[in-house]
Amino acid sequence: MLSSENLACVRGERLIFSGIEFALGAGEVLVVTGANGSGKTSLLRIVCGLLEAAAGEIRWNGSSARALGDDFFAELAYLGHHNGLKDDLSATENMQVWAGVSGITVDRAAARQALARMGLAGREDLPVRWLSQGQKRRAAIARLLVAERPLWVLDEPFAGLDRASTVTVEALLQEHLAEGGMAILTTHQDLGAVAASVRRLELGH
Amino acid sequence: MRSALGWIIRRDLLLALRQRTDVMTTVVFFVIVVSLFPLGVGPEMEKLRPLAAGVLWVAALLASMLSLGRLFAADYADGSLEQMLIAPQPLVLLVLGKIVAHWLVSGVPLVLIAPVLGIQYDLTGAPLLVMTLSLLIGTPVLSAIGAVGAALTLGLRGGGVLIALLVLPLYVPVIIFGAGAVEATQSGIGPEGHLSLLAAFLMLSLVVGPLAAATALRISVE
């Protein structure tokens, strides 16, 4: 279970948000909303441990995520604003390298299968440089499929995706939640179809 | 854990192979700087011979620094660095992998080409061998120390100049003992003392460098 206690974030000299509390259990999804600059991305980065909270902390199953360190990172898959793909490597190579660095073993077949699921069949071996924005996003999302991590942290996962891909990602999210996973994401998409109860956290009040 | 180290080295080597111009820039820069001195100083072997070690070492140092800016910047820009920071692996190990890859790509070619350039300065026999050996031991130190500078200046404006200011003073012991080893051989004292100290710097920098760079990366990415 993921929870936060009295979380605050300061960027520069400015207090972005404070007193943020949430709890997320198995099979639940939390959608973070708010105006531009309200700290959605900052909140997700704090959850991932990429940013240190000015106050409060993130807890994973009751213990501090920061103290858990690598044990917490092993539970987490993060899709950031940037895709984290190397332009000169193909989508398959990107996937394998990412998995290798993250300590997961993914063979070529598994990587290709995940990419095919994201509609990139036939483009797996092209340098990512030659893919469109939306296709790059899909290649990045395909990582979630091979990682098998219980917690997904997704920053605007639908940005740049076409209608068909959006439906695919919603289906992935639905499967993930049905298997007892959890997800925290920022999006303007209506996720009514994905989960019966979508928790919402609005920043910037 | 060890495989993550292997993967990061393999990745950076593959990327270097795909962007061969980056590697070539370092080598060509090294060759040009070393070849400029005889043109300026004059072709007399008596003048050039004592300069050899110093010139080769200064050129190696500048060439290695040339590629430092790219060490983490590309990974930072495309988000790969974020993924590395949250990989369930010790970050120190991943940074060590990047240092090793940087040395293989920008240090080893210099070591390989140095004997040829040494001949240009009438460096032969034992001094030439010691020159190459000192570069072999010393260039990984440049990558390890450089990684700390690259991590500290990540995302800063004018980072390139700042790296030079941070890193060059730390390179001083390497150049003193690297070039000193060759001079000691030429004067008949023997290079063992200098090379041992250089090796000690290598050990120290391989431990401290990745640790300091990993800490700096976490701060820079915030």
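Hi everyone, thanks for coming. Please keep in mind throughout that we are looking at a prediction.

Where they touch, eleven residues of domain 1 of chain A are in contact with eight residues of domain 2 of chain A. On the domain 1 side, helix α7 of chain A, residues 163-178, gives the most, with five residues. That side of domain 1 has seven nonpolar residues, three polar ones and one charged one.

Now let's look at the sheets of chain A. One of them is an open sheet of four strands with antiparallel pairing, and its order is β2-β1-β4-β5. Which strands sit at the edges? They are β2 (14-24) and β5 (63-64) of chain A, and each pairs on one side only.

Let's follow the pairings across that sheet. Strand β1 of chain A, residues 2-11, pairs with β2(A) in the antiparallel sense over seven bridges. If you'd like a landmark on your screen, find A:Cys9, whose bridge partner in β2(A) is A:Phe17. β1(A) also pairs with β4(A), again antiparallel, over five bridges. There, the bridge partner of A:Ser4 is A:Ile58 in β4(A). Moving along, β4(A) and β5(A) are antiparallel and pair over two bridges. A:Trp60 stands opposite A:Ser63 of β5(A). The hairpin of β4(A) and β5(A) has two residues between the strands, and A:Asn61 takes a positive phi near 50° there.

This sheet also has a helix against it. Helix α1 of chain A, residues 40-48, lies across β1, β2 and β4 (55-60) of chain A, and runs at about 125° to β1(A).

Chain A has another open sheet, this one with five strands in the order β6-β7-β8-β3-β9 and parallel pairing. Its edge strands are β6 and β9 (198-202) of chain A, each pairing on one side only. On average, and ignoring direction, neighbouring strands of this sheet are turned by 15° against each other. Strand β3 of chain A, residues 29-33, runs parallel to β9(A), and five bridges join them. A landmark here is A:Val29, with A:Val198 as its bridge partner in β9(A). Helix α6 of chain A, residues 133-147, lies across β6 and β7 (151-155) of chain A, at about 170° to β6(A).

Over to chain B and its helices. How do α9(B) and α10(B) cross? The axes of helix α9, residues 159-186, and helix α10, residues 192-221, come within 8 Å and cross at roughly 155°. Angles over 145 degrees count as roughly antiparallel, so α9(B) is roughly antiparallel to α10(B). The crossing of α9(B) past α10(B) is left-handed. Among the residues that meet there are B:Phe177 and B:Ala181 of α9(B), together with B:Leu198 and B:Phe201 of α10(B). This contact has nine nonpolar residues, three polar and no charged.

Helix α10(B) has another partner in helix α6 of chain B, residues 91-106. Their axes also come within 8 Å, but cross at roughly 110°. With 65 to 115 degrees counting as roughly perpendicular, α6(B) is therefore roughly perpendicular to α10(B). α6(B) passes α10(B) in a right-handed crossing. The residues making the contact include B:Val95 and B:Ile99 of α6(B), and B:Leu211 and B:Leu217 of α10(B). In that contact, ten residues are nonpolar, one is polar and none is charged.

Last stop: the place where the chains meet. How many residues of each chain are in contact?

Technical notes
Residues are numbered from 1 along each chain as its sequence is written. Chains are lettered from A and ligands numbered from 1 in the order in which they are written. This is a predicted model: local features need pLDDT of at least 70, side-chain atom pairs count only at pLDDT 80 or more; totals for chains, interfaces and linings use all residues. Two residues are in contact if their C-beta atoms, placed from the backbone, lie within 7 Å. Ala, Val, Leu, Ile, Met, Phe, Trp, Tyr, Cys and Pro count as nonpolar, Asp, Glu, Lys and Arg as charged, and the others, Gly among them, as polar. Two strands pair if DSSP finds at least two bridges between them. Axes are lines fitted to C-alpha atoms, for helices over the stretch in contact, and angles run from 0 to 180 degrees between N-to-C directions. Angles under 35 degrees count as roughly parallel, over 145 as roughly antiparallel, 65 to 115 as roughly perpendicular and the rest as oblique. A crossing is left-handed if the near helix is turned anticlockwise from the far one by less than a right angle, and right-handed if clockwise.
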